[in-house]
Amino acid sequence: MGELARPEPSRLYRWIVLLFISLAMGGNYYIYDSINPLERIFIDKLGYSATGFGWLNASYSVAAVLTLLIGGIIIDRIGTKKALTFFAVLCLLGAALTAARGHIGLMIAGRTVLGLGAETMIVAVTVALAKWFKGKELSFAFGINLTVARLASVAADNSPTWANRAFYPQGPSGEPSWQNPLLIAVGAGVLAVFCALIYWILETRAEGRYELGKGGAVDKIEFGNMFRIQFRQRFRIRGLAFKQALVQIGVAFWQCTVQIWRAVVEFLRFNRSYWYVVALCFTFYSAIFPFRTFAIDLFTNKILTAHAGVAASEAIKQAGFCNSLLPFSAMIATPLFGLMVDRIGKRALFMMLGSVLLMPVYLMMAYLSAAKTVTFAIPWFSAWHFTLEHVTLPVLLLVTMSMMGIAFSLIPAIMWPSVAYVVDQSRLGTAYALMTMIQQIGFFMLNLLIGRANDYSHAGLDNAGGYALGMWIFSILGFVGLTFAILLRIWGGGCRRRLRPQSVQRKDFEAASDGVSGRKR
């Protein structure tokens, strides 16, 4: 008699799983964004330059590129529960190294370790969601998971408000602490490891009782198979004479070079529309996330310059709140824009609109005054209890961040699923992995470039105009992004007759939407 089929896990069990892996990813996101409010404290207390601060996130991006090469393979080899726990431990280690001492080399090492753990942990969470929710409420589960993660980003940006005592342990007029806020990030890492361990227990228990799905494809670029056969067949030098061994090594090196070239050619075979989407991805995200790295320092000094009576502790609260508007707006508006575009179409046109919104934002921040303010009350969590917080914010920053929030919600909702319309389904994994890798290269370049620009212009409280050079760089990226969006619309319009039937496109779109993962989407 054949073995009886095991039942699927109950809905309650699946939602408990979702809760813990979402909290684990929330800890991941909090650690990444925990340094955003600390730039000026690092510069004033630890003697960092803006370029040095930029290296903290640039080093993360270097590690993220390595993740795309090996992360998916590791997850496939050791399984989801072990991978999620292992990479959560790496996130905790990265947070601990960053908080241990104020030495910039150790902090960069910590952020690099975080990049190795965090991005691969996100991929592991994606695989876990596919395993537990594929064919059921997968899209909704992805949405809940991303909402929790972005709430963690909002919490990190607003940490000067709800954790003000950590930033200013001696009171608002006292010396700020660079380490206490990072210790909160270590706590977030502990939470991530704890939740990952709970997930390990839940999956182990379910494997013996329930029928679980298989994880979907992850974003990875596999080079291992490229070399394995060549080295097994060619790189055998034991027992050979010295000259024969050199010849064998040369042959193996040549074969590997040929395989790398073939891989490059394979990448370049994507059509022009795909490369326009990739170029828009590079310019758009390079103008968003590196900006968030330096935004709180910019906002703080804009507020202090316009309002001489405002304390630095209050200014950093306002700046953190303004910076948090970006992930908060995306958390709400991105799914709504996605639904809108599904019904209306006109993807390239909406990407053009998002690029147009982004272009003037940075120059407005650079040259307009933050003197006009507005005060409103919002429910808030402060001093470990809920209260009604009265927030005074510059109108300039509210307007500009609202414009950026619309663009940040609109373009990603269109751009990532659009790849499924211009790339064959069999190559979607490679297309997304390559696109994400190029995106991370943009983060690396712009974090260093903007830091260098701020140092060159001596940007700071005594020279608020020094931020203008960096803002011009971001604005130019917006203009270049608009150019690629226009080219995509022109080229896409000329290629409509070659597109696949709508039913096939729709299937690919859904498959791509379910498989998209990563912090920056």
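A salt bridge here is a side-chain nitrogen of Lys or Arg within 4 Å of a carboxyl oxygen of Asp or Glu. Side chains of opposite charge can pair when their charged atoms come close.

Before going on, keep in mind that this is a predicted model, where local features need pLDDT of at least 70, side-chain atom pairs count only at pLDDT 80 or more, and totals for chains, interfaces and linings use all residues. Residues are numbered from 1 along each chain as its sequence is written, and side-chain values use heavy atoms, leaving out hydrogens and water.

Between Asp157 and Arg292, the closest N and O atoms are 2.9 Å apart. Asp157 lies in helix H6 (residues 138–157) and Arg292 in helix H13, so this pair ties together parts that are 135 residues apart in sequence. Helices are DSSP runs of H or I with at least four residues, strands are runs of E with at least two, and both are numbered from the N terminus. Asp157 is buried, with a relative accessible area of 0%, and Arg292 counts as buried too, at 4%. Buried means under 20% relative accessible area, exposed means over 50%, and partly exposed is in between (1.4 Å probe, protein chains only).

Now look at Arg40, which forms a salt bridge with Asp297 at 2.7 Å between the closest N and O atoms. Arg40 sits in helix H2 and Asp297 in helix H13 (residues 289–306), so the pair ties together parts 257 residues apart in sequence. Asp297 is buried at 4% relative accessibility, while Arg40 is partly exposed at 23%. Arg40 also meets Asp44 in a salt bridge (3.9 Å, N to O). Both of these residues lie in helix H2 (residues 39–46), four residues apart, or about one turn of the helix. Asp44 is exposed, at 55%. Across the whole structure, a search finds six salt bridges.

What about the chain overall? The protein chain has 19 helices and two strands, and buried residues make up 54% of its 521 residues. Take contacts (heavy atoms within 4.5 Å) between residues at least 6 apart in sequence: 81% of them join residues at least 24 apart.

Tyr285, in helix H12 (residues 272–286), has 0% relative accessibility. Its C-alpha is 9.8 Å from that of Gly481, 196 residues away in sequence. Val419 lies in helix H16 (residues 395–422) and is also buried, at 0%.
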